[in-house]
Amino acid sequence: MTGSLIKLVRITAIEKLTDKSSRFILEPLDGWLPVYRAGQYLTLLFPHPDGEKRRSYSILSSPSRNEPLSIAVKKIDNGEFSRHLLYYTRPGDVLATAGIQGLFTLPENPSGYDYFFLAAGSGISPCLSLIKTLLTDTNERIILIYSNSSQKDVMFFDELEQLRNTFPERFRIRYLLSDIFRIDESRLSKSLLQRLLSQELQKDKPVLFYLCGPELYMLMIIITLRSMGFKNDQIKREDFDTRPRTHLPTPPDMDRHNVEININGRSVILPVQYPDSILATAKKNNVLLPYSCEAGRCGACLARCTEGEIWMAYNEVLTDEEVKRGLILSCQSFPINGDAKIVVNIS
């Protein structure tokens with residue numbers, strides 16, 4: 001059950017975006033034909049002395065535009081994998097990937113909304129694919145508020161400006177730069193966000209918000225939006241945080257229960273008991289399931305509970321409605337009150 005998860009891609013070109021970031025154009029190998037939705041990400045696999053490590057990178061290309069598969073990598077201070085990709089990889093190198101996942105996507109029917117994107121730094125990466133797809137497939141208005149330290153740090157500036165010039169009636173951009181010492185042009189704040197919303201949003205038209213950036217940046221935005229009366233199901237966030245959890249809450253039932261895992265039509269039964277999650281138990285038994293952050297933030301380990309009861313320690317991805325439909329994050333999931341069955345789909 002391990003080999004089918006690993007896909008290979010070849011780097012065909014590397015384009016510098018800023019002093020600290022580059023775009024990687026990728027060619028899928030061995031007949032792999034990736035199918036993805038705008039806003040999803042590619043999880044890369046890296047050999048490591050402590051075992052395999054994974055990092056996820058947002059897909060920049062839009063499936064609606066028939067663009068080659070591409071990702072963006074920004075240098076992270078002390079970031080082992082971003083520095084490796086930026087400093088040591090070259091066109092022709094082959095990378096291993098666990099495939100494409102992610103829930104930072106558009107509604108099944110994306111028409112009928114205003115779209116408000118709030119991005120900071122490399123948080124523009126998943127938003128770019130969504131924006132291009134919306135401009136191609138719909139006639140809806142899109143507002144982008146893009147925060148950076150300075151003009152030289154703005155990723156995809158030329159591409160964004162070209163989109164704005166091509167769709168001037170539908171696509172509006174506001175750049176916020178920290179080195180400009182004017183309140184309304186530097187950092188995003190509660191008062192500035194409220195003012196921008198009052199200026200840009202149309203009355204009596206539903207709006208969806210897409211957020212990607214540092215944790216405190218997104219927290220401020222969510223608190224502001226909720227205080228203004230917007231609902232949780234109008235707000236989607238993408239979290240790049242790779243920090244492990246420092247505390248694991250205790251489930252209401254810590255007994256051992258069997259979990260039957262159906263993986264693309266094949267089943268395996270594993271005994272799962274706290275503190276090992278379903279994913280951790282699977283890894284110990286060499287059953288390879290999709291995952292990335294292992295902290296309940298990314299959604300790569302998405303599965304569906306079809307029988308029994310699953311308790312999740314953390315969940316920053318799934319909505320209440322999705323949880324009611326049985327969706328779970330296997331990295332944070334524990335069976336309670338008896339045995340359970342889950343289904344994992346791997347493409």
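Select Ser21 first. In this predicted model, Ser21 is buried, with a relative accessible area of 2%. That falls under the 20% cut-off, which means the residue counts as buried. Ser21 lies in strand S2.

Show its side chain together with that of Thr18. A polar contact of 2.7 Å joins the two side chains. Now display the other neighbours. Leaving aside residues up to four places away in sequence, Ser21 touches Lys16, Val73, Lys74, Leu86 and Met155.

**Next stop: strands S2 and S5**

Select residues 21-28 to see strand S2. How many bridges join S2 to S5? There are five, and the two strands run antiparallel. Strands of a sheet pair through backbone hydrogen bonds, either parallel or antiparallel.

**Next stop: helix H3**

Select residues 157-166, which form helix H3. Which of its residues are buried? They are Glu159, Leu160, Glu161 and Leu163. Colour those four and look at what surrounds them. The buried residues of H3 pack against strand S2, where the tour began, and against helix H2 (124-137). They also pack against strand S8 (142-148) and strand S9 (171-177).

**Next stop: a five-stranded sheet**

Move on to an open sheet of five strands. Trace its order: S13-S12-S16-S14-S15, with mixed pairing. Select 266-272 for S13 and 327-329 for S15. These are the edge strands, and each pairs on one side only. Turn the view to follow the twist, which averages 35° from one strand to the next.

Now zoom in on S12, residues 257-263. S12 and S13 pair in the antiparallel sense over seven bridges. One place to look is His257, whose bridge partner in S13 is Val272.

**Last stop: Gly326**

Select Gly326, in the loop between helix H7 (320-324) and S15. Is Gly326 buried or exposed? It is buried, with a relative accessible area of 13%. Show its contacts: not counting residues up to four places away in sequence, Gly326 touches Ala303, Arg304 and Cys305.

Finally, draw a distance from the C-alpha atom of Gly326 to that of Tyr57. The two residues are 269 residues apart along the chain, and their C-alpha atoms are separated by 27 Å.

Note on methods. Residues numbered from 1 in each chain as written. Predicted model: local features only at pLDDT ≥ 70, side-chain atom pairs only at ≥ 80, totals over all residues. Heavy atoms only, no water. Pairing = 2+ DSSP bridges. Helix = DSSP H or I, 4+ residues; strand = E, 2+ residues; numbered from the N terminus. Axes fitted to C-alpha atoms, helices over the stretch in contact; angles between N-to-C directions. Buried < 20%, exposed > 50% of the residue type's maximum accessible area, 1.4 Å probe, protein only. Contact = heavy atoms within 4.5 Å. Polar contact = N/O pair within 3.5 Å; in protein donor to acceptor, adjacent residues only side chain to side chain.
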